[in-house]
Amino acid sequence: MQDLKPLDGIRVVERASGVAAAYAGRLLAAMGAEVFMAEPPEHSPLRREAPFLPGGGSALFAYLAADKRSVLCDLGDPEGREAFHGLVAAAQILIDDTPVADRAAQGLDPAGIVERHPHLVHLSVLPFGAEGPKAGWAGAEINLIHAGGEGFLLPNGLSADLFPDRPPLKIAGHFAEMQGGVTAALAALSALWSGQGQFVDVSVQDANVAIGAFAVQRYGDGAVEHRTTRSFRYGGVIECRDGFVELLTLEERQWQRLVDLLGRPDWATDPALTDSAERSARGDMINANIRAWAKDQSVADLVARAQELGVPMAPYNTPQDILEGGQETAREIFREVAMPGEGRVQIQSAPFRFGPEPLSVTRGAPKPGADQQLLMSCVPPEARRVQA
Amino acid sequence: MTRPLEGIRIADFTVHAAGPFCTHMLSQLGAECIKIETALRPDIFRKPHAVYGRAGPATFDQVASNKLSVRLNLKHPEGVALAKRLVAVSDVAAESFRAGVMERLGLGYEALREVRRDIVMVLVSSSGQTGPDSHFAGYAPLFGAWGGLGYLSGYRDGPPLEMRHVMDHSVGMNAALATVAALHKRRRTGEGSHVDVAAREVASSLVGDALTAAGAGVAPERMGNEDPQRAPHGLYPTAEADRWLSIAVDTDAGWRRLAALTGRQHLASDPRFATAAARVANRAEVDGVVADWTATQAPDAAAAALQEAGIAAHLSWRASDIAADPHMRARGAIVDVAETGDTTRAAVGFPARFSGSDQPGMTRGTPELGAHEEYVFGELLGLGQARIGDLIADRAIY
């Protein structure tokens, strides 16, 4: 009984043009759901998104569409729509990120879907949700990280020190949209658990406000956080001889061990620094000393010694460091799969596992319409006039 | 109409941010979450926090909210025995100690399976339960560093970017997802699960596309606010100081609409800007002409006008903007809850709406330590008042 996955037996139809909805589908596929991408005739726009692989394919799509199936459905065409509904009838979850204004024309309006598929969890994933005054607003990644509040607070620490006058900074890639995807997958599985078919309305903005809830909490405490004042008083991003490390000591014993790691220099053994408030007040002095000392250290050696002493420190790993890392290799978090047009590609498994082994990644991202015959098998015979 | 996870019970051993966010999400979805605490080592929000200038316990803590609170001293054999009895009547046991701590307390997966055969045990840690780094301590900025998210974020000519609480809470959101998936597996197979959530793997999963590219020999680097295929794409100044406007133009038609909106129609046909490739190649000039316009604009009106023209735009919002937003309040994404001292404040509701439930996600603020022991120890576990009193006197309940 090798390779049983938690969502084996669950079928999902995904109509996604954005990262959030596609990532929700990817997470469900990673956990064993059978996910059908219902691509429009011109194919998913995610197939044309950077970063690109050497063969010209999209690495983003390779990651998001691993383990999924692909069918082509023209929802502007009655036959295509009939085939689509045949597929949805056999599914438990429909993921859709069609803008609200375009839904009715494609037969994707929630009322129509619930009437035809009352059993279904209809998961809507939109930048600002399907309901509310801003439901029609467009939102790209950079807008959403700022609509959610975290964008305003970045950068802090070393980047903010070096470039105090620059505009705020986004997080790499599709961070905010992926938060929407994780939230959407959670909401869909929860709705499915209830046994009640229903419309589930996920907003990427809401998801980012949720994970950024600490800023709302601090606001309730009377403080509006700002990127230039949110920095840790000492520690943070520290440059070494051959890269950067992150250092963060929140507890007293961690500070004491850091003093040991530094070799107990005079400035660090000053009795005044045994008081945490005093350390915060002298953070600039502490960090100037730590930065000067770290310049000559090697990342690997320093992190090993720090963790040995119980000082929380980590290397700023490059992608290559992660692909070849001892921890990542031991946990087999990457799987190699064949992707049409690209050969073998490495895909990270889900960041959680349901036992000692990682969830397997079994198939690379499919060609457009690779599973068209499966679509046909879902269509009642009288409606079978649609060609791939 | 009830919330989707109504009827699920969680024995919640998690502390700090990532683990408690997981169970907080599940509690907002309707699960009954029992937070297990001890006065011997209070969770972070019950203590002063010098970094945030807090001299005493927090009057409100988002991730502890909506939960029930009981005290259990897990260094006491009777405390451990009670913890097991609680797990025996729960569907989920969640924890976020360093790998190995629960086993040393006598509360490892096998021990919990003995009292509840189909328990879903969720273990949240920095590096996972296995591997050479499994014992490593970590916080959000370290997860981001290990996972590559930190390296890939930042200005092109600057250092990596330090990740903060959103990193912790991303881990918690993933853990909540995995927990509900494990419940589905239990429903189908009758089997529980050992759900191992590694924070640094969550960080790397958020740049999984870049890792796939790197694995194929294409090395991605930091690119600040840039998008490799789009310009304008960034944060632009407005007429108000430190009030930034994010704009992302996706298509050539979008660029033409922007040119018209700004009254600079000649830019639409300017060969330096007419196509996406040209705009990307002349990014600095594009940013310059866009900023010339935005810098004269009132922030909210500019965002609304851009959206009206079909261009993705939003102000860089502060927490104060979010707390007051009519859109988020209409969605129940911002709710008012009671905090200690009977005042109300804005808190964050569950980030999804369910047509099958009209119940709010948040119904309680942060519980006082041990506030729900009568219900949990008395009603759920069936202990009499005298027995509870003895256990308190013996500091098993402490």
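This is a predicted model: local features need pLDDT of at least 70, side-chain atom pairs count only at pLDDT 80 or more; totals for chains, interfaces and linings use all residues.
1. Residues are numbered from 1 along each chain as its sequence is written, chains are lettered from A and ligands numbered from 1 in the order in which they are written, and side-chain values use heavy atoms, with hydrogens and water left out.

2. Start with the largest nonpolar core, which has 165 residues. Such a core is a set of buried Ala, Val, Leu, Ile, Met, Phe, Trp, Tyr and Cys residues joined through side-chain atoms within 4.5 Å; buried means under 20% relative accessible area (1.4 Å probe, protein chains only). Among the residues with the most contacts inside this core are A:Leu28, A:Ile93 and B:Met167. Helix α8 of chain A (residues 175-194) gives the most to it, 13 residues; helices are DSSP runs of H or I with at least four residues, strands runs of E with at least two, numbered from the N terminus.

3. A separate second core has 30 residues, including B:Ile34 and B:Leu391.

4. Now look at the open sheet of chain A, where three strands lie in the order β7-β8-β9 with antiparallel pairing (strands pair if DSSP finds at least two bridges between them). β7 (236-240) and β9 (313-315) of chain A are the edges, each with a single partner strand, so one side of each has no neighbour in the sheet.

5. Strand β8 (residues 243-247) of chain A is joined to β9(A) by three bridges, and A:Leu247 has A:Met313 as its bridge partner there.

Methods. Buried means under 20% relative accessible area, exposed over 50%, partly exposed in between (1.4 Å probe, protein chains only).
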